[in-house]
Amino acid sequence: QVQLVESGGGLVQAGGSLRLSCVASGRTFSRYAMGWFRQAPGKEREFVAAIRSSGETTYYADSVKGRFTISRDNVKNTVYLQMNSLKPEDTAIYYCAATSVRYGSSWSFSRTVAYDYWGQGTQVTVSS
């Protein structure tokens, strides 16, 4: 069992930055690939970024590539999402998730159904 707790959301102006954190409970954090997803009002939950268990490989949605960076610290059981050059369309609830999937393409890590554990989410609001 893995419990995930996100933090770092808030209100920011367009062009600004935020850093989200997700702390995982348990001793097996390093075995899981981690992902960030987001859900805007009235829309489906969508993939944002993922990082494999070792941290060597990352994946990004086209909409955030070059602006967002996912990273992890397996000693601190924490995954981060650095978000720069934020846009109003980035406004959403951001969720972190853990998956036991170890191999596959970027598509494998972008599917919500691939993830076993989810956090409660943190609100990010970008004003224009």
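**Reading backbone angles and a disulfide**

Guide: Asn77 is buried, at a relative accessible area of 16%. The cut-off for buried is under 20%. Bear in mind that this is a predicted model.

Visitor: How do I read phi, and what is the phi of Asn77?

Guide: The general idea first. Most residues other than glycine have a negative phi. Now the case here. Asn77 has a phi near 55°, which is positive, and Asn77 is not a glycine.

Visitor: And Ser85: what is the phi there?

Guide: Phi of Ser85 is near 50°. That is again a positive value in a residue other than glycine. Ser85 sits in the loop that runs between S8 and strand S9 (92–99).

Visitor: Is Ser85 buried or partly exposed?

Guide: Partly exposed. Its relative accessibility is 40%.

Visitor: Next feature. How many disulfides does the structure hold?

Guide: The general idea: a disulfide is a covalent bond between the sulfur atoms of two cysteines. The structure holds 1. Cys22 is joined to Cys96, with S to S at 1.9 Å.

Visitor: Which parts does the pair tie together?

Guide: Cys22 lies in strand S3 (residues 18–24) and Cys96 in strand S9, so the bond links parts 74 residues apart in sequence.

Visitor: Are these cysteines buried or exposed?

Guide: Cys22 is buried, at 0% relative accessibility. Cys96 is buried as well, also at 0%.

Methods:
Residues are numbered from 1 along each chain as its sequence is written. This is a predicted model: local features need pLDDT of at least 70, side-chain atom pairs count only at pLDDT 80 or more; totals for chains, interfaces and linings use all residues. Side-chain values use heavy atoms; hydrogens and water are left out. Buried means under 20% relative accessible area, exposed over 50%, partly exposed in between (1.4 Å probe, protein chains only). Helices (H or I, at least four residues) and strands (E, at least two) are DSSP runs, numbered from the N terminus. A disulfide is a pair of cysteine sulfur atoms within 2.5 Å.
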